[in-house]
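Hi everyone, thanks for coming. Please take a look at the model on the screen, and I'll walk you through a few places in it.

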Amino acid sequence: MKKIAYDDYIQEATRALSKGAFLTVKSNDKVNTMTIGWGSIGYCWGKPVFMVMVRDSRYTYELIEKSDEFTVSIPLKGQLKEALKFCGTKSGRDYDKFSESSLSIQAGQDVNTPIIKGCDLHYECKIKFKQVMNPNNLDQKYNKDWYPQKDYHTLYFGEIVGTYLEE
């Protein structure tokens, strides 16, 4: 693993994110990963930040609410498509996503949450702010198109404490 600046691969990361990345959370001895396709990398409060979104119906939500960190592992070359599909359609409540999709984890370097091996780019983050979406503040077209079941996200802003490129 090669340590890099958070913004060295920002264009590649945001491009690949729409095709899927792994959001991994650890709480006590429980670890889960889920596929995300939304998020943002930016700069807030004088720090680099990765913002991820999790619906409260997800098993990951149960874990992230009890944690103060997360990792995002991004396959930049289109690999792990089947694992991304599985982790985006199955719940960690019902499946061991790691064994079912043949994913391997590796210890984080700057956090206690692991990363997903085989991805090219990894962000390790410490949660600094969270906010439940308020539908009254959401564009009504987005509300209608993306939240017909009113299952709004919680936004988690994680300070990026480590960014690594898998070699």
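Let's begin at Glu65, which counts as partly exposed because its relative accessible area is 31%. Buried means under 20% relative accessible area, exposed means over 50%, and partly exposed is in between, using a 1.4 Å probe and protein chains only. Before we go on, this is a predicted model: local features need pLDDT of at least 70, side-chain atom pairs count only at pLDDT 80 or more, and totals for chains, interfaces and linings use all residues. Residues are numbered from 1 along each chain as its sequence is written, and side-chain values use heavy atoms, with hydrogens and water left out.

So which residue forms a salt bridge with Glu65? The partner is Lys130, with the closest N and O atoms 2.7 Å apart. By salt bridge I mean a side-chain nitrogen of Lys or Arg within 4 Å of a carboxyl oxygen of Asp or Glu. This pair links distant parts of the chain: Lys130 sits in strand β9, residues 121-132, while Glu65 is in the loop between α2 (59-64) and β6 (69-74), 65 residues apart. Those element names come from DSSP runs, numbered from the N terminus: helices are H or I with at least four residues, and strands are E with at least two. Lys130 is partly exposed too, with 41% relative accessibility.

One joins the side chains of Lys3 and Asp110, at 3.6 Å from N to O. Lys3 belongs to strand β1 (residues 2-3) and Asp110 to the loop between β7 (105-106) and β8 (115-116), so the pair ties together parts that are 107 residues apart in sequence. Lys3 counts as exposed at 51% relative accessibility, and Asp110 as partly exposed at 32%.

The other is between Asp120 and Lys77, whose closest N and O atoms are 3.1 Å apart. Asp120 is in the loop between β8 and β9, and Lys77 in the loop between β6 and α3 (81-89), so this pair ties together parts 43 residues apart in sequence. Is Asp120 buried or exposed? Asp120 is buried, with a relative accessible area of 7%, whereas Lys77 is exposed at 68%.

Now find Trp38, in the loop between β3 (30-36) and β4 (40-44). Trp38 is partly exposed, with a relative accessible area of 33%. Which residues does Trp38 touch, not counting those up to four places away in sequence? They are Leu17, Met53, Trp146, Tyr147 and His153; a contact here means heavy atoms within 4.5 Å. For a sense of distance, the C-alpha atoms of Trp38 and Asn112 are separated by 23 Å, and the two residues are 74 apart along the chain.

Next, some backbone angles. Most residues other than glycine have a negative phi. Asn28 is not a glycine, yet its phi is positive, about 55 degrees. You'll find Asn28 in the loop between β2 (21-27) and β3, and at 69% relative accessibility Asn28 counts as exposed. Leu80, also not a glycine, has a positive phi of about 65 degrees. Leu80 lies in the loop between β6 and α3 and is partly exposed at 27%.

One more residue: Ser101, in the loop between α4 (97-100) and β7. Ser101 counts as buried at 15% relative accessibility. Leaving out residues up to four places away in sequence, Ser101 touches Ala83, Phe86 and Cys87.

Finally, let's zoom out. The protein has five helices and ten strands, and its C-alpha trace spans about 45 × 40 × 30 Å along the principal axes. With 167 residues, a compact globule would have a radius of gyration near 15 Å, and the protein has 15 Å, which agrees. That radius is taken over C-alpha atoms, and the globule rule is 2.2 Å times the number of residues to the power 0.38. Buried residues make up 47% of the 167. Among contacts between residues at least 6 apart in sequence, 74% join residues at least 24 apart.
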